[in-house]
Amino acid sequence: MLVKKIKCECGHINPEGTVLCEACGKPIEENQHIDGNDKKDLLNMRYEGSSRRSLTYNKSIIDKIWSFFSSVKVGVWLIIIALVASTLGTIFPQEIYIPADAVSRDPAIYYEDQFGIFGKIYYQLGLYDLYSSWWYMILIALIGISLVICSVDRFIPLRRALKTQKPKRHEAFLNRQRLYSESSDISNADKQQLIKRLKKLRYRVRSEDGHILAEKGRFSRWGPYVNHIGLIIILIAAIFRMSPLLYLEDYVWTREGELKVIPGTDGQYYIENKEFIIEMYDEDDERFKDAIARLGGQAEKNFQSNVVVYKNTDVTLPGAEPKLEKVKEGQIELNHPLKFDGYALYQAGYQQNEFSKMSFKLYEANDGDQQAIETFTIDLTKPETEYKFDNGFKVVMQKYYPDYYFDEDYGEPRSETNDPRNPAFIFKVYSPKNERPETNFVGIGQNIDPTSENKYKLGIIDFETHDVSGLSVRRDYTLPLFGLGALIFMIGVVQGMYWQHRRIWIHPKGHGVLMAGHTNKNWFGIKKDIEKMISGTNIKMVVDQQSENGKLKEENDE
Amino acid sequence: MSDLTSLSSTMLYTAFAFYSIATVIFGITVTDKNKQKKKGKMGAVAISITITGLVAQLVYFITRWIAGGHAPVSNMFEFMTSLGMGIVIAFIIIYFIYRLNVLGLFALPIALILIAYASMFPTELSPLQPSLQSPWLYIHITTVALSQGVLGISFVAGLIYLIKQTDQKKRSKKNMWLELVLFSLLACVGFILSTVTFNVLDYSATFEYPSGDRMLTVEYNLPAIAGPPDSELITEGVNDAWFEAPGWLQGSNAAKKFNTLIWSLSTGFILYGLLRLIFRKRVGAAIQPLLKNINADLVDEITYRAVAIGFPLFTLGGLIFAAIWAQIAWDRFWGWDPKEVWALVTWFFYAAFLHLRLSRGWHGEKSSWLAVIGFAIIMFNLIVVNLVISGLHSYA
Ligand code: HEM
């Protein structure tokens with residue numbers, strides 16, 4: 001491609017589309033419209049009048065796409081759309097936050113039931129799972145694309161312009177800066193004083209034929225580019241996180257005393273739950289008793305699972321008895337996950353007082369003392385179906401409802417979950433005398449004889465309980481990448497916001513000097529610098545030409 | 001221990017008093033005409049009193065920390081007072097850069113309103129629930145409070161700019177919106193006034209209402225204008241509700257909150273009406289003459305500078321520290337919980353502000369409106385999201 005070049009009167013050759021000569025800053029006549037300088041008195045200094053691809057080429061489709069995405073206006077629109085879209089997802093709870101005690105956790109039912117017609121619309125629009133919807137992801141991706149193109153479009157020419165700039169500037173460059181003054185009859189001593197002061201204020205001072213450029217904080221101009229790199233890294237990390245190789249999430253419920261393989265580890269790791277503990281705050285504690293009373297007399301202090309993690313050293317044979325080796329023993333609390341070999345276990349839930357064993361007695365229905373004929377115990381973690389006794393009796397567990405409730409709609413008993421929280425049983429009792437077995441329904445506080453003709457009854461005499469810990473299992477190799485992105489973002493914003501790129505130009509003219517100042521932010525700060533630097537000299541304070549002739553034509557630079 | 005607790009609350013009152021006095025003195029510096037030197041002196045007095053107030057509030061903070069055994073940033077009362085402190089700290093920093101007295105006249109009342117508002121929530125020491133037991137609690141929340149304080153200063157500067165620059169000659173959309181902003185500040189005052197009044201009167205009315213298949217009760221501390229749907233008044237000798245709160249209001253005690261909102265708005269409206277009667281002009285127009293000698297460009301610059309300082313801090317505290325903590329406590333650094341989403345919305349908003357500011361057309365008035373909206377989003381996240389949209393972060 002033949003690239004047109006523009007030669008400035010100072011001799012510097014500028015690329016096509018340059019607005020202000022990279023070396024001397026002289027406005028290049030035919031390109032002033034690009035930065036909108038033709039319509040106003042002050043020069044647009046945002047990108048130093050450098051040549052940006054997006055504003056220079058506009059022929060091919062690629063040029064057009066490039067120009068579209070490199071517009072900050074488009075970027076801001078994308079951000080605003082993402083902002084508004086994000087708020088929509090907070091009107092009602094997202095699917096993952098449907099409360100456990102809801103009528104139904106099925107979104108098709110929950111939203112309409114809970115929020116009426118609005119809930120139905122919310123569900124139908126898919127807002128209940130907004131943040132993983134395809135269009136939300138596309139929106140975020142577009143922001144990413146815009147970010148990259150926009151940064152590339154500006155960074156390269158900006159860097160070139162800042163590297164090429166010369167202390168000797170064209171007069172038209174100076175007098176069209178926002179801060180400007182003309183002073184006559186300036187002695188050499190004053191000029192020397194100026195340079196000394198500038199150096200004291202930590203400006204880098206360069207001179208050329210008596211022209212002076214004092215500059216500080218140029219690195220802050222790179223802040224936005226650095227922070228955008230940080231953002232891109234975060235977006236890339238988010239993409240990586242979709243791969244199960246890099247990010248794994250799972251969940252395990254484990255009973256006290258149970259040894260169980262940890263899901264998601266391909267059978268490599270096992271967990272043994274030794275104990276689950278809930279601690280409460282002491283409601284008589286002087287400090288907190290008022291608050292605890294207001295909260296209903298109870299406040300939880302700690303949820304904790306004491307566990308041991310084992311590694312299976314012999315995974316060669318699937319189904320073979322695992323050979324376990326202890327890896328780590330410890331406690332898992334909220335805010336204190338247990339970490340081992342890249343995995344982390346979090347205290348995420350619990351279930352108290354599940355039944356582990358239940359003991360029953362068999363007695364004669366008409367025995368007022370309910371003298372036990374036989375007793376037996378069911379291990380609810382692995383219940384057996386038949387219990388035979390030496391005296392000829394036999395009890396068969398025909399149905400087992402671990403978490404019993406009576407379903408009114410169907411008129412029959414059911415189990416809400418598979419966890420033994422409210423066990424109930426249908427037993428058949430075979431006695432040596434009767435040939436036909438008798439049916440007994442036994443649950444907590446219930447003992448029903450459906451025929452009312454049973455000779456024998458069963459009753460619960462004892463039980464043991466255990467707690468269950470719910471632990472979430474995570475392995476996330478993308479975390480360091482997110483951390484890196486966040487760190488780079490922070491460096492970038494601090495660099496761009498807490499420092500500013502300030503420049504002061506001094507241009508000898510006759511016996512006097514022209515002086516101009518520019519900063520990318522914090523004009524108050526550079527004015528202070530200039531005041532300090534000229535105090536006691538004959539140089540006039542700069543005038544803020546933007547507020548001075550307040551009626552500058554509407555500026556529409558991007 | 002209880003000595004420490006009472007010392008702590010005394011110190012908060014002290015800070016409140018000092019901030020109030022400082023506000024008055026900053027007010028004098030603004031009205032005090034053309035005596036430049038005297039102005040400087042008064043300004044120095046006012047800022048010293050502000051700093052003394054801040055020291056008192058820091059003593060409150062530290063003693064409460066010691067008494068409770070954890071940083072006092074764990075519930076609505078504690079967080080809102082910290083935000084008030086954040087605004088004061090940010091104001092002091094910005095004051096020493098720009099030496100603009102009028103900023104104090106507006107910033108300190110905002111801090112005062114926040115602290116008073118905070119005190120309407122339960123103030124007793126409360127035990128930390130397990131998920132909050134982490135040093136990240138105070139690392140995250142103090143950074144957020146400070147960053148929002150700085151962003152609050154951009155709101156204050158934006159408000160000053162708007163009051164100064166909005167044309168009050170005839171009624172326009174702009175000055176109506178400005179009145180709305182001022183009214184919402186008055187509604188906060190209205191909330192405080194009505195709550196305090198009925199607290200002093202020891203008002204209480206209990207309602208019983210059905211929720212699903214259970215009967216629940218709720219205690220109103222403000223007379224019920226709107227009662228819970230299908231409710232029955234249990235307390236004797238108090239007036240029944242005028243009408244029932246709409247049934248589609250969700251969440252715990254929604255009707256009571258709705259009632260409080262009605263009280264705040266109506267008291268705010270009465271205050272606003274009184275001001276209009278006294279001044280016989282729009283409130284914005286009444287304040288405007290005070291700002292005659294203020295340099296609007298400088299105020300605009302402060303609006304922007306405060307965002308430039310506050311944005312990185314907010315990113316750090318509100319997103320990065322928050323994410324680190326969420327990763328440790330809840331196994332995920334980001335979970336699209338409403339509070340998190342609104343932090344993201346806030347962040348997007350200020351990012352948009354910074355980008356818009358790159359073009360000159362967005363300086364001055366437009367920037368000022370953006371700063372006002374930004375702070376409104378912060379307040380929305382603090383009040384509405386906590387109290388109405390429930391989630392992991394809801395305090396009350
Ligand atoms: C959520 C996403 C974004 C964030 C948080 C962000 C953040 C920032 C920040 C903090 C600055 C510094 C502003 C200043 O110095 O005043 C900045 C500058 C900039 N951003 Fe973004 N940005 C985002 C998206 C975008 C997008 C999508 C674009 C592309 C259109 C973009 C283009 C720019 C440009 C061109 C600058 C100005 C550099 C300059 O002129 O100094 N940004 N961004």
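Modeller: The contact in this predicted model takes 59 residues from chain A and 60 residues from chain B. A residue is counted in the contact because its heavy atoms lie within 4.5 Å of the other chain.

Colleague: How much area do chain A and chain B bury between them?

Modeller: The two chains bury about 5,200 Å² between them, and 64% of this lies on carbon and sulfur atoms. The size of an interface is often expressed as the accessible area lost when the parts come together.

Colleague: What makes the meeting of A:R474 and B:D331 a salt bridge?

Modeller: The distance from N to O between these side chains is 2.9 Å. The cut-off is 4 Å, between a side-chain nitrogen of Lys or Arg and a carboxyl oxygen of Asp or Glu, so the pair qualifies. Across the interface of chain A and chain B, the rule finds two salt bridges. On the side of chain A that touches chain B, 32 residues are nonpolar, 13 polar and 14 charged.

Colleague: Why are strand 14 and strand 15 of chain A said to pair?

Modeller: Three bridges join strand 14 (residues 386–388) to strand 15 (residues 394–401). At least two bridges are required, and therefore these strands pair; they run antiparallel. Within the hairpin that they form, five residues lie between the strands, and A:G392 takes a positive phi near 100°.

Colleague: Which residues are the bridge partners of A:V396?

Modeller: In strand 15, A:V396 is the partner of A:E386. In strand 18 of chain A, the partner of A:V396 is A:K428. Strand 15 and strand 18 (residues 424–430) pair in the antiparallel sense over seven bridges.

Terms used
Residues are numbered from 1 along each chain as its sequence is written. Chains are lettered from A and ligands numbered from 1 in the order in which they are written. This is a predicted model: local features need pLDDT of at least 70, side-chain atom pairs count only at pLDDT 80 or more; totals for chains, interfaces and linings use all residues. Side-chain values use heavy atoms; hydrogens and water are left out. Helices (H or I, at least four residues) and strands (E, at least two) are DSSP runs, numbered from the N terminus. Buried area is the accessible area (1.4 Å probe) that two parts lose on being put together, summed over both. Ala, Val, Leu, Ile, Met, Phe, Trp, Tyr, Cys and Pro count as nonpolar, Asp, Glu, Lys and Arg as charged, and the others, Gly among them, as polar.
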